[in-house]
Amino acid sequence: MDLIDKVKTKSNELIDRGLNRNVRIAVTGLSGAGKTAFTTSMINQLLQAPIEEHLTFFSVNAQSRMQACKLTQHQELHIPSFDYSGALTHLISDSPQWPESTRNVSQAQIKCRFRVGHRWIKKLQSDSTVTVEIVDYPGEWLLDLPLLAMDYKSWSKACIKYLNSERRKQYTEGIQNKIRAFDYKSLQDETALAKELKGVANEYRASLSSYRNDYNDYGLALPGRFILPGALADAPTLDFFPVLNEDLLSLDWEQFEQNSSLKVLEKRFNYYKEKVIKPFFEEYFTKVDRQIVLIDTCSVLESGYESYQDLKDTVERLLEGFSYGRSNWLKRLFSPSIDKLMIATTKVDLVPPDQHSAMESFMQKMVAQAKNNVGYEGVEVETMAISAVATSEPVATEHEGEKLLCVKGIEEHSGESVIHYPGRVPSKGLSRQEWNDLDIDFAPFAIPELSEDEALPHIRMDKVIEFLIGDKFI
Amino acid sequence: MSDKPVKFYTKDKAHKDAEKLLEDNVLGDSSGSPLTESSQNKPLLPESAVKVGFKGNKAKSWLRKLFWPSLSTFIVFAAGYEAYGFVTELIETNWLLGAVAGLIASAVVISGGFALFKGWRARRQFKKREQQQATLRRLLSDNSYGKASQVLEEVTHDIEEYVNVTSLENDFEKKKQQVHNDHELIQIYSGTVLKGLDKMAIDIVTKHASEAAAMVALSPLAAADMALVAWRSSKMIEQLSRLYGCPQTALGRFEMTKRVFKNMMLAGASELVADAGVELLGKSLTATISAKAAQGIGVGVLIARMGLQTMHLCRPVPFGQENKPRLGQIRKSIYQKVAGLVKTASTGKSDKSKDTIEKKK
């Protein structure tokens with residue numbers, strides 16, 4: 001009997017290992033896209049799934065094969081845990097708030113026990129466990145990823161283009177002049193130079209931060225740790241800025257002396273790349289199987305042509321990093337093994353349901369090229385319009401004698417029940433003129449009263465979960 | 001529709017008038033029934049868009065069409081005339097005899113008319129189902145919203161007439177959300193209501209197929225085999241079509257049977273290739289049992305395949321790749337049935353007595 005038991009446990013282990021029932025999901029997205037809300041909702045849906053069986057499109061749940069789920073401690077003990085209960089408390093408290101934005105990397109691990117469905121495997125083991133790991137981290141840091149492929153010179157060139165756009169010019173004019181006047185050839189005492197660099201870098205950071213506060217868009221000119229330094233606040237490696245003199249950029253930098261200020265800046269940039277960005281992504285990307293990229297299409301639509309172009313550019317660069325071709329630098333560095341990628345547009349609860357498809361196809365057009373590249377590498381790519389925590393419900397009303405589908409929710413500042421029609425969401429890319437004519441307004445709703453005992457209201461989270469981890473529950 | 005963003009506060013009339021979308025058909029009103037819409041916008045139908053083929057010879061087809069109705073009218077007319085003459089003749093001979101004959105004749109007319117009417121209705125229902133299938137298939141590929149619920153309600157209504165699906169429907173109502181688009185809604189419907197029906201349908205197919213297999217394995221006459229197959233298969237088609245809410249009667253069933261056979265020959269060909277491997281393996285097994293049993297199994301598989309084709313024809317939403325019913329399971333139970341029969345037949349009574357003794361112990 002003992003022997004039989006042993007064989008049984010061994011075979012179970014073998015099956016689990018053979019089928020690889022561990023999934024590590026990276027939640028990626030720029031800041032404000034709703035990563036924390038997504039992670040919270042995903043954990044919540046999974047925890048509630050065996051009880052409520054509400055995830056219609058999550059096949060293992062629809063077939064009632066889900067038995068129990070629980071949050072457990074993850075293996076990578078040096079990564080902080082995702083504060084699920086804290087985030088949930090924020091959502092369901094008397095004056096509900098969105099969970100605080102992520103300030104550091106964190107990880108959650110859920111174990112799901114389920115009955116095996118496959119008719120052959122069923123004969124060997126009756127039930128099994130899938131371990132789902134979700135990694136959350138500040139979206140600001142993601143902007144660092146494209147930097148890995150650049151050197152100081154090409155980064156500076158990219159910055160010139162970025163800083164001189166029409167909208168940003170008024171914010172950056174002062175600092176640009178200052179940087180241009182900077183003496184790159186000077187050979188100074190180290191401490192004096194460090195002080196001077198810090199002064200300019202601080203000003204550079206401040207001007208872009210104030211721009212970012214007004215417009216909330218993303219670009220390469222501002223490395224992630226500039227915005228959210230984490231443990232690196234005040235570290236000298238962050239005290240650098242791009243070279244903005246065109247003539248200097250066309251020179252061969254070999255002629256500069258090692259301790260000239262230009263070389264010092266370059267050294268800091270390289271140090272930042274090698275010692276800050278690389279270790280972070282190395283840890284972050286190893287063993288990641290599935291990835292979800294969240295994009296806040298609503299705010300892009302609201303803020304117009306320029307941020308659309310910026311975001312498109314950034315997303316393309318990001319996904320370029322994720323296309324895992326043979327010659328790809330990311331692959332060489334971290335050898336990730338992502339086999340499924342979902343690009344989701346979040347916050348569709350602000351959009352009437354008949355326009356969800358338009359929203360999705362608009363986003364699809366935006367990422368089409370990048371998506372194509374990733375798909376070419378054999379990664380399964382899917383796009384979807386989702387809402388991690390739905391704050392509204394669709395209603396139909398009459399407006400100017402016609403039926404109009406709207407969303408109903410609670411207005412954020414007044415607390416009043418309001419029905420909102422955001423305007424016609426475009427379903428394809430727009431020309432500059434069309435962008436100017438676009439009249440659209442997504443008013444965010446306040447979070448309605450939520451109950452702790454019920455799963456958070458959502459839109460299509462079940463489909464997302466099915467896509468990301470559904471195939472592991474066989 | 002307005003393209004500008006609007007906000008309605010509690011004091012606005014529109015806010016008070018707003019209907020929650022949970023009650024369906026809110027959208028359907030303005031666009032009209034999607035069914036009628038689809039029949040008007042013929043080009044939207046995938047079939048007509050995709051079909052490439054010979055142009056119909058209009059005059060010829062019109063003349064051809066005329067043949068059967070005119071022939072049948074002629075026969076009915078002639079028979080009626082003859083019957084009238086026959087009855088009046090009988091009345092002249094003896095009024096009682098005539099009255100009885102007249103009564104019988106009128107009974108024939110009434111029942112025949114009723115059968116004709118039912119056949120016509122069944123045919124119409126089948127046509128309607130085909131249209132529903134086309135609409136749902138179109139909605140599955142479109143990115144539309146708010147059009148499917150009306151069609152699905154219609155389908156549920158049709159099914160409810162013959163089968164009690166309340167619990168399945170409740171499940172569907174529970175699972176659907178207002179935000180689901182047509183594609184998702186149809187998928188949920190297929191996964192709840194129709195999945196339940198599929199299970200029952202598979203049971204029916206299994207039952208009829210294995211029964212027919214057993215009967216053919218036992219029957220000594222080839223002619224009886226044919227009759228058996230015809231009887232069992234027609235019974236099965238009747239039950240299956242009833243289950244999916246488009247019951248077929250004698251006349252309609254003929255049309256249906258024709259379609260089933262046609263599909264089996266056309267669509268079945270590809271399945272045949274896929275099944276060939278398994279069937280070859282099966283043959284070696286059947287050969288060892290006996291020729292007659294093999295015949296029985298062959299007939300059983302044939303009927304099972306007919307049943308599956310009927311399911312394909314009657315199901316409002318086409319099967320997906322993952323929920324497609326497979327012949328494998330049914331074949332297994334057919335084998336078991338026939339093999340069990342052969343075993344008991346060959347080992348005879350001694351085995352049975354042994355069994356009873358063992359049971360007593």
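Reply: One term to start with: two strands pair if DSSP finds at least two bridges between them. Also, this is a predicted model.

Me: OK. Which strand of chain A is joined to β1(B), and in what sense do they run?
Reply: Strand β10 (residues 417-421) of chain A is joined to β1(B) by 3 bridges, and the two run antiparallel. Within that pairing, I419(A) stands opposite F8(B).

Me: How many residues of each chain are in contact?
Reply: 29 residues of chain B are in contact with 31 residues of chain A. On the chain B side, the elements giving two or more residues are β1 (6-8), α1 (13-17), β2 (19-20) and α9. By class, that side of chain B has 13 nonpolar, 9 polar and 7 charged residues.

Me: Switching to chain A. What domains is it divided into?
Reply: Domain 1 of chain A takes in 2-142, 283-388 and 449-472. Domain 2 is 151-279 and domain 3 is 393-446. The C-alpha centres of domain 2 and domain 3 of chain A lie 41 Å apart.

Me: What about the strands in chain A? Which ones are joined to β4(A)?
Reply: Strand β1 (residues 22-29) of chain A is joined to β4(A) by 5 bridges, and these two run parallel. Strand β3 (residues 106-115) of chain A is joined to β4(A) by 10 bridges, running antiparallel.

Me: Which residues stand opposite V132(A) and V130(A) in β4(A)?
Reply: V23(A) stands opposite V132(A), and C112(A) stands opposite V130(A). Another bridge partner in β4(A) is D136(A), which goes with S106(A).

Me: What else does β3(A) pair with?
Reply: Strand β2 (residues 66-72) of chain A pairs with β3(A) in the antiparallel sense, over 6 bridges. One of the bridge pairs there is A68(A) with R113(A).

Me: Back to β4(A): is it enclosed or open, and why?
Reply: Strand β4 (residues 127-136) of chain A is largely enclosed by the rest of the structure, because 7 of its 10 residues are buried.

Me: How many residues of α17(A) are buried?
Reply: Helix α17 (residues 461-469) of chain A has 9 of its 9 residues buried, so this helix is also largely enclosed by the rest of the structure. The buried residues include D462(A), K463(A) and E466(A), along with M461(A), F467(A) and L468(A).

Me: Where is K347(A), and what is its phi?
Reply: K347(A) is found in the loop between β6 (340-345) and α15 of chain A. Its phi is positive, about 60°, although K347(A) is not a glycine. K347(A) counts as buried, with 27 C-beta neighbours inside 10 Å.

Me: Where does α15(A) bend?
Reply: Helix α15 (residues 356-376) of chain A bends by about 65° at V367(A). V367(A) is one of the buried residues of α15(A), and others listed as buried include M363(A), M366(A) and A370(A). Just after α15(A), G378(A) takes a positive phi of about 90°.

Me: Last one. Is V288(A) buried or partly exposed?
Reply: V288(A) is partly exposed, with 19 other C-beta atoms within 10 Å. V288(A) sits in the loop between α11 (261-285) and β5 (290-295) of chain A. V288(A) and E306(A) are 18 residues apart in sequence and 33 Å apart in space, C-alpha to C-alpha.

How values were computed: Residues numbered from 1 in each chain as written. Chains lettered and ligands numbered in written order. Predicted model: local features only at pLDDT ≥ 70, side-chain atom pairs only at ≥ 80, totals over all residues. Domains from an automatic or database assignment. Buried ≥ 20, exposed ≤ 12 C-beta atoms within 10 Å, placed from the backbone. Helix = DSSP H or I, 4+ residues; strand = E, 2+ residues; numbered from the N terminus. Contact = placed C-beta atoms within 7 Å. Nonpolar A, V, L, I, M, F, W, Y, C, P; charged D, E, K, R; others polar. Bend = angle between axes of the 7 residues up to and from the residue.
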